[in-house]
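Please read the numbered paragraphs alongside the sequence and the model.

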Amino acid sequence: MTRKRSVDRRQGLSVRLKLTLSYAAFLEIAGALLLAAVWMFLLRGRSDSLSVPDRADFLRVFDPSNFGPVVFIPAGILVLAFLLLFGLVGGWILAGRMLTPLIRITDATRRVANNGPLSHRIRLPGRRDEFRELADSFDVMLAQLEAHVAEQQRFAANASHELRTPLAVTQALLDVARNDPNRDTGELVERLRVINTRAIDLTEALLLLSRANQRSFTRKRVDLSLMAEEATETLLPLAEKHGITIETTGDMSITIGSQALLLQMTTNLLHNAIGHNLPEQGIVWVNTSVHRDSVVLVVENTGEKLTSELASKLTEPFQRGTERLHSDHAGVGLGLAIVKSITRAHDGTLTLTPRPAGGLRVTVRLPAASAHTQTDGGQA
């Protein structure tokens, strides 16, 4: 059960009232300074004496025959009173008009906060100013949040489906063994082992994906070229088994991040390039390079021709090439999704581009490590 936490605050003056009082105070101060300037430069030195005005003095202000210091103080008081009234009324109206966009933004925020639809947008009209920028930023945040929630919902549904499949198969095999005690258990045990291994791999992939999304890792200097060499050495037997050649080249490419996660990222890219290649005489190219402010890891492979639309969807969880696979030997469908999460956790970008001759080109761009970067104990 989810409980909403509210912050108890003492009721204060509204922003509209504060702005109104500020406008009125500004007019009062400006009027007082103007009257002081008039006295200092125009009426100073007159022989007429100044005195505290009474009711008759205020009435003399409206007599055209009276002017000069004799009516200056009552006239000044009347002017300041008029400015106060004008400032309060005009300031209230002006503050209301100025705060109308903010009220609209607040209403939209409350609507979304009270379990409202994430598809709601403010779409504040008018030319660009601070309020429009705030409203546009809020709309962008809502769009990103809506997309993130939709992605999480798809991910939860797919994960549930993927986890349910091995469990259902396991249950069926156990039912068969229970109903037929005389059946040879060797094949049954082997199939159960394969299914259990797949379920474990899927669970570990989900945990790794969660770790990358939370950015809960220690950062240090990592050479992507070494990660590429280590991943190549690890997967070389798999590549030779499928008749695939791996060509690894490049320069030392230092970035800041988790060595374990970056190695996993590189391994996933290389494993994906091997698994989705030509049936024979396939090639995988791995290259690292250094640019001005970034380091780049590029993994290319031969294979079937892909469309740009399909390539853009390959980083979604449980997407495997042109179709979803369900065989016992299929991957868990999180390889490129994990690569995307690790890249994003390291403030990098991931680009998937179909090769004209067939296959895929994957480019990972990460921030280059500065020579003076502090990494001791740094947390993401």
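1. Strands S4 and S5 form a hairpin, with three residues between them. The model is a predicted one. S4 covers residues 282–290 and runs antiparallel to S5, to which seven bridges join it. Within this pairing, asparagine 287 has valine 298 of S5 as its bridge partner.

2. S5 also pairs with S7, again in the antiparallel sense, over eight bridges. In this pairing leucine 297 stands opposite valine 364 of S7.

3. How many of the residues of S5 are buried? The strand is mostly covered, eight of its eight residues being buried. In a regular strand, side chains alternate between the two faces of the sheet. Both faces of S5 are covered: Ser294, Val296, Val298 and Glu300 are buried on one side, and Val295, Leu297, Val299 and Asn301 are buried on the other.

4. Glutamate 300 forms a salt bridge with arginine 355, with the closest N and O atoms 3.1 Å apart. Because glutamate 300 lies in strand S5 and arginine 355 in the loop between strand S6 (349–354) and strand S7 (360–367), the pair ties together parts that are 55 residues apart in sequence. Arginine 355 is likewise buried, with a relative accessible area of 18%.

5. A salt bridge also joins the side chains of glutamate 300 and arginine 361, at 2.8 Å from N to O. This pair links distant parts of the chain, with glutamate 300 in strand S5 and arginine 361 in strand S7, 61 residues apart. Arginine 361 counts as partly exposed, at 33% relative accessibility.

6. Side chains of opposite charge can pair when their charged atoms come close. The structure holds three salt bridges, one of which is formed by arginine 121 and glutamate 146, whose closest N and O atoms are 2.8 Å apart. Arginine 121 lies in the loop between H3 and helix H4 (130–179), and glutamate 146 lies in helix H4, so this pair ties together parts that are 25 residues apart in sequence. Arginine 121 is buried, with a relative accessible area of 16%, whereas glutamate 146 is partly exposed, at 31%.

7. The count of aromatic pairs comes to one. The pair consists of phenylalanine 82 and phenylalanine 86, which are stacked, with 6.1 Å from centre to centre and 20° between the planes. Why are phenylalanine 82 and phenylalanine 86 separated by about one helical turn? The two residues are four residues apart in helix H3, which means a separation of about one helical turn. Phenylalanine 82 is exposed, with a relative accessible area of 54%.

8. The second largest pocket has a volume of about 280 Å³. Helix H1 (15–43) and helix H3 (69–113) are the elements that give two or more residues to its lining. The largest share, six residues, comes from H3. Among the lining residues are Val15, Arg16, Leu99, Ile103, Asp107 and Arg110.

Key
Residues numbered from 1 in each chain as written. Predicted model: local features only at pLDDT ≥ 70, side-chain atom pairs only at ≥ 80, totals over all residues. Heavy atoms only, no water. 1 Å grid on protein atoms, 1.4 Å probe; cavity = no way out; pocket = protein on both sides within 12 Å on 5 of 7 lines; lining within 4 Å. Points joined across faces, edges and corners; volume = space filled by probe spheres on them. Salt bridge = Lys/Arg side-chain N within 4 Å of Asp/Glu carboxyl O. Buried < 20%, exposed > 50% of the residue type's maximum accessible area, 1.4 Å probe, protein only. Phe/Tyr/Trp six-rings, centres within 6.5 Å; stacked < 30°, edge-to-face > 60°. Pairing = 2+ DSSP bridges.
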